[in-house]
Amino acid sequence: LTVRMSEASDAARLEATQDAASKQTAMNQDGPIQFSFVVNFYNMRREAERTLTALTSSYQRDAEGISWEVLCIDNGSDLPLEEDWIKSFGPQFRLIRPSRKLPSPCFAMNEAARLARGRYIALMIDGAHVVTPGAIREAADAFAERPDAIVGLRQWFFGGDQRWLSA
């Protein structure tokens, strides 16, 4: 089963993010990229849409003046993510296809991290996580205070127990 967004939904997202994306592009051209988000996906188109939307300039709060890129790994999905679809989230989104497809995502994550242009790299090994609207601002503030810090985000689960505890 292919889960595709409607053309109207694609157009609406493009229109809604156009202004924020142009500001983001201008920031990226004016100076170094602060963050590179490396996100791994495998057979999760629906989740990819939610995750990538949460990393757009229009979704993130108080992120003016912060530049970032999002490297989206399609790690051999049965129905691969399309480059145009990835780019529809904004100019800072890039599709990465690993040179080797292995059961573990580690090779693909490392390969994509080598392509990262940001000063700091954020690894999202599970592409089914939605980053909260102020996460990028909070990370930037943490690094401004302690440039050598390691910043992690707590994962919250909705519904029943965390998946490894569920029957």
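# A walk through the predicted chain

Contacts between residues 24 or more positions apart make up 75% of the contacts in the protein chain with a separation of 6 or more. Keep that figure in mind while tracing the chain. The model is predicted.

Start with the elements. The protein chain holds 5 helices and 4 strands. Along the sequence they follow the pattern α-β-α-β-α-β-α-β-α. Of the 167 residues in the protein chain, 40% count as buried. The accessible surface comes to about 10200 Å². Carbon and sulfur atoms account for 53% of that surface.

How far does the confidence reach? The mean pLDDT of the protein chain is 83, and 74% of its residues reach 70 or more. Residues 1-8 fall below 50. Beyond near neighbours in sequence, this stretch has 9 contacts in the model. Residues 17-28 also stay under 50. For residues 17-28 the model has 21 contacts beyond four places in sequence. Where pLDDT is low, the predicted coordinates should not be read in detail.

Now look inside. The largest nonpolar core has 28 residues. Phe35, Phe37, Leu52, Leu55 and Val70 touch the most other members. Two or more residues each come from strand E1 (35-41), helix H2 (45-54), strand E2 (68-74), helix H3 (83-87), strand E3 (93-96), strand E4 (120-124) and helix H5 (135-145). H5 gives the most, with 5 residues.

Leaving aside residues up to four places away in sequence, Phe35 touches Ile66, Ser67, Trp68 and Glu69, among others. The list of its contacts also includes Gly118 and Tyr120. Further along the chain, Phe35 touches Ile136, Ala139, Ala140 and Phe143. A second, separate core has 7 residues. Val38, Ile73, Ile96 and Ala112 are among them.

Arg45, Ala48, Thr51, Leu52 and Ala54 are buried in H2. An α-helix has 3.6 residues a turn, so residues three or four places apart point the same way. What covers the buried residues of H2? The cover includes E1, E2, H3, E3 and E4.

Turn to the charged residues. There are 8 salt bridges in the model. In one of them, the side chains of Glu82 and Arg45 meet at 2.7 Å, N to O. This pair links distant parts of the chain. Glu82 lies in the loop between E2 and H3, and Arg45 lies in helix H2, 37 residues apart. Glu82 is partly exposed, because its relative accessible area of 31% falls between 20% and 50%.

A second pair joins two strands. The side chains of Glu69 and Arg94 meet in a salt bridge at 3.1 Å, N to O. Glu69 sits in strand E2 and Arg94 in strand E3, 25 residues apart. Glu69 counts as buried, at 0% relative accessibility. Glu69 is also one of the residues that Phe35 touches. Arg94 is partly exposed, with a relative accessible area of 27%.

Asp74 forms a salt bridge with Arg97, and the closest N and O atoms are 3.7 Å apart. Asp74 is in strand E2, while Arg97 is in the loop between E3 and helix H4 (106-115). The two residues are 23 residues apart. Asp74 counts as buried, at 3% relative accessibility. Arg97 is partly exposed, with a relative accessible area of 45%. Some bridges share partners. Glu69, Arg94 and Arg117 are joined into one network this way.

Last come the cysteines. A disulfide is a covalent bond between the sulfur atoms of two cysteines. How many disulfides does the model hold? The count comes to 0. Cys72 counts as buried, at 0% relative accessibility. Cys106 counts as partly exposed, at 41% relative accessibility.

Note on methods
Residues are numbered from 1 along each chain as its sequence is written. This is a predicted model: local features need pLDDT of at least 70, side-chain atom pairs count only at pLDDT 80 or more; totals for chains, interfaces and linings use all residues. Side-chain values use heavy atoms; hydrogens and water are left out. A nonpolar core is a set of buried Ala, Val, Leu, Ile, Met, Phe, Trp, Tyr and Cys residues joined through side-chain atoms within 4.5 Å. Buried means under 20% relative accessible area, exposed over 50%, partly exposed in between (1.4 Å probe, protein chains only). Contact means heavy atoms within 4.5 Å. pLDDT is the predictor's confidence in each residue, from 0 to 100. Accessible areas come from the Shrake-Rupley method with a 1.4 Å probe; for residues, only the protein chains shown count as cover. A disulfide is a pair of cysteine sulfur atoms within 2.5 Å. A salt bridge is a side-chain nitrogen of Lys or Arg within 4 Å of a carboxyl oxygen of Asp or Glu.
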